Amino acid sequence: MTGRLPPSASVATPITGVKMHAPAAMRNAAALTGMLVQHAPETGLALELASGTGQHIVSFARQMPGLIWHPTEIARDRMASIDAYAVESGLENIRAAQMLDATKPGWSETRNGFSLTVVINLLHLISTPATCTVIAETAQALAPGGTFVIYGPFRRDGTLTSEGDSRFDADLRRADPAIGYKNDADIDSWLKEAGLADITRLEMPANNLAFVARRA
Ligand SMILES: C[S@@+](CC[C@H](N)C(=O)[O-])C[C@H]1O[C@@H](n2cnc3c(N)ncnc32)[C@H](O)[C@@H]1O
């Protein structure tokens, strides 16, 4: 992790071998996969930032077989878990997990040409400048016409819209005042500033949002 987080922020527990289980990833995998099937290109290279345990990418790779999936993570135990899920799946369109700090300026210089980049449940755990770096680097990492998908919990018009969201955002800010839920309109602005267009906002289960944007 990049900073201080409350224990509720990124729950994943070891199961068999190096595999880890994230209950949240299990809960939202079907909805996320269904949304991506609707909005992802059919072929090309797909980059996932902050892949977590690997539970998601196996589902994505199975349902979107025309894409070659590149998982990345900042945590070594999660990289090992991603690789274990990928091997167990037998899928040939998942590459080995690579170490990537998505908030580090310049990472797109060596990782680019992606038809799809996905970031799920990261932006509320990092600061505003770090979020802007993730978006700017992703815009550079996309091939022309490439698609960027962001998913997570957000403020709407500056407001937290459920009790659970208010509690979680307060927990995050107590742990680190620089982090917490980002505002939906700011995401729109930062995507546009990074040169991305055709922005679609989708309501997702559990009061989450997805943003889909394209590089011209
Ligand atoms: C809440 S989890 C989400 C994981 C996965 N995307 C999911 O939804 O199941 C946040 C993940 O972000 C990773 N992470 C935190 N800071 C990061 C950074 N700066 N760059 C890349 N990954 C990061 C953590 O290791 C963790 O696996």
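This is a predicted model: local features need pLDDT of at least 70, side-chain atom pairs count only at pLDDT 80 or more; totals for chains, interfaces and linings use all residues.
**Strand 4 and its neighbours**

Biologist: Hi! How many bridges pair strand 4 with strand 5?
Modeller: Strand 4 and strand 5 (residues 98-99) pair over two bridges, in the parallel sense. Strands pair if DSSP finds at least two bridges between them. Strands (E, at least two residues) and helices (H or I, at least four) are DSSP runs, numbered from the N terminus.

Biologist: Which residue stands opposite Thr72?
Modeller: That's Gln98 in strand 5.

Biologist: And what does the chain cross through from strand 4 to strand 5?
Modeller: Helix 3, residues 76-89, and this β-α-β crossover is right-handed. In other words, with the strands pointing away from you, the path from the first strand over the helix to the second runs clockwise.

Biologist: Okay, how does strand 3 run with strand 4?
Modeller: Strand 3 (residues 44-49) runs parallel to strand 4, and five bridges join them. Across that pairing, Leu47 faces His70 in strand 4. With helix 2 (residues 55-63), strands 3 and 4 make a right-handed β-α-β unit.

Biologist: Is strand 4 mostly covered or uncovered?
Modeller: Mostly covered: of the seven residues in strand 4 (67-73), six are buried. Buried means 20 or more other C-beta atoms within 10 Å of a residue's own; exposed is 12 or fewer, partly exposed is in between, and C-beta atoms are placed from the backbone.

Biologist: New topic: which residues are buried in helix 1?
Modeller: Ala25, Asn28, Leu32 and Leu36 are buried there.

Key
Residues are numbered from 1 along each chain as its sequence is written.
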